[in-house]
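Subject: Structure handover and findings

Dear colleague,

Please find below the structure that I am handing over to you. I would be grateful if you could read the notes after it alongside the coordinates.

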Amino acid sequence: MKKTMVMTQEDFCNAKTNAQLQQYKKNAVIFLFMVLFSSMVSAQKSKVLDAFFKYGIDSSILNPEKTKRPDNLAFDFKQTIITSASEAVTIAKFDPSASGPEQWSVVSIDGKSPSKSATNSFRKNQSKTSPTPPTDETSYKIEKETPDQLVISYKVETGSLTKENAFVKDCRFYMTINLKTKKLDQIETLNEKPVKVNILTADKFDIVVKYKWNDDARQYVPVNENLNMEAKFIGQATNVKTITEYSNYAKK
């Protein structure tokens, strides 16, 4: 009886040691994965940062907050939406000193004074703007390097996307930097496979946003946004082109 008890204790100790060894192995694998992942992140981003250093480009340009539409400047807004069946033009103004929906005032829609419902609909759509998703730092690539331009590409972290912008996970972003001015020229968003945008399935989703540096906001501000979408709805081709112009930025 004593021998059986001793053997049981030994078995227990052996089992405990084996469990500790297995846990140690698991921790070692996790640690190795983290080291390899960190190395991959560093390698991908370091190539871009090396190119920035080479040309004297401010690396803060990679911060998505530096290129989002500013909410502390007033500006004029003009948007033209063109489909095969119609064309609509909306002119509006944004005033950060107002509160809530009142920050947006609609000047005209197709050259006419807007109805209250049209104004409310426009304001509601503008309020749907999603937070700027962070960049996936493992996805950086140098796409093009010429005497005039540096083009880098990247994707965004999928975990930060919402239902409204989930399709962006299947898009790649192309940032073009002017090597003469050392400033950002544009960012293009291009789908890599068909994407679902609201009720449309788009075979082509292409947005080109052109920027300029604004000293008041200490960031880049959009001046022109051109969306081309070749899509289908219930099997029917529905091509959409949207041209958005921003102007007269002013601090208030």
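Predicted model: local features only at pLDDT ≥ 70, side-chain atom pairs only at ≥ 80, totals over all residues.

Overall fold

The protein chain contains two helices and 11 strands. Read from the N terminus, the order of its elements is α-β-β-β-α-β-β-β-β-β-β-β-β. The chain has 252 residues, and 32% of them count as buried. Among contacts with a separation of 6 or more, 46% are between residues 24 or more positions apart.

Aromatic residues

The count of aromatic pairs comes to 13. One of them joins F77 and W104, whose arrangement is edge-to-face, with 5.4 Å from centre to centre and 80 degrees between the planes. F77 belongs to strand β1 (residues 73–83) and W104 to strand β3, so this pair ties together parts that are 27 residues apart in sequence. F77 and W104 are both buried.

W104 also pairs with F122: the ring centres are 5.4 Å apart and the planes stand at 80 degrees, so this pair is edge-to-face. Here the link runs from strand β3, which holds W104, to helix α2, which holds F122, and the two residues are 18 residues apart. Both W104 and F122 are buried.

These residues belong to a cluster linked by ring pairs, which consists of F75, F77, F94, W104, F122, Y246 and Y249.

Y249, a member of that cluster, is located in strand β11 (residues 236–251). Which residues does Y249 touch, leaving aside those up to four places away in sequence? They are P70, L73, A74, F75, K212, N214, V221 and P222. Y249 has a relative accessible area of 13%, which is under the 20% cut-off, and is therefore buried. Between Y249 and V223, which are 26 residues apart along the chain, the C-alpha atoms are separated by 9.5 Å.

The second largest pocket

The second largest pocket holds about 150 Å³ of space. Its lining is formed by G56, I57, D58, S60, I61, K66, K182, K183, W213 and Y220. By residue class, this lining divides into four nonpolar, two polar and four charged residues. Two of the lining residues, K183 and W213, are also related to each other: K183 lies over the face of W213, at 4.9 Å from the ring centre.

Most residues other than glycine have a negative phi. Against that background, two positions deserve a note.

K182, one of the residues lining the second largest pocket, has a positive phi of about 65 degrees although it is not a glycine. K182 sits in the loop between β6 (171–178) and β7 (183–191). With a relative accessibility of 33%, K182 counts as partly exposed.

D110 is likewise a residue other than glycine with a positive phi, near 55 degrees. The loop that contains D110 lies between β3 (104–109) and α2 (116–126). Is D110 buried, partly exposed or exposed? Its relative accessibility is 45%, so D110 counts as partly exposed. The elements on either side of this loop, β3 and α2, are those that hold W104 and F122 respectively.

Yours sincerely

Key:
Residues numbered from 1 in each chain as written. Heavy atoms only, no water. Helix = DSSP H or I, 4+ residues; strand = E, 2+ residues; numbered from the N terminus. Buried < 20%, exposed > 50% of the residue type's maximum accessible area, 1.4 Å probe, protein only. 1 Å grid on protein atoms, 1.4 Å probe; cavity = no way out; pocket = protein on both sides within 12 Å on 5 of 7 lines; lining within 4 Å. Points joined across faces, edges and corners; volume = space filled by probe spheres on them. Nonpolar A, V, L, I, M, F, W, Y, C, P; charged D, E, K, R; others polar. Phe/Tyr/Trp six-rings, centres within 6.5 Å; stacked < 30°, edge-to-face > 60°. Lys NZ or Arg CZ within 6 Å of the ring centre and 35° of its normal. Contact = heavy atoms within 4.5 Å.
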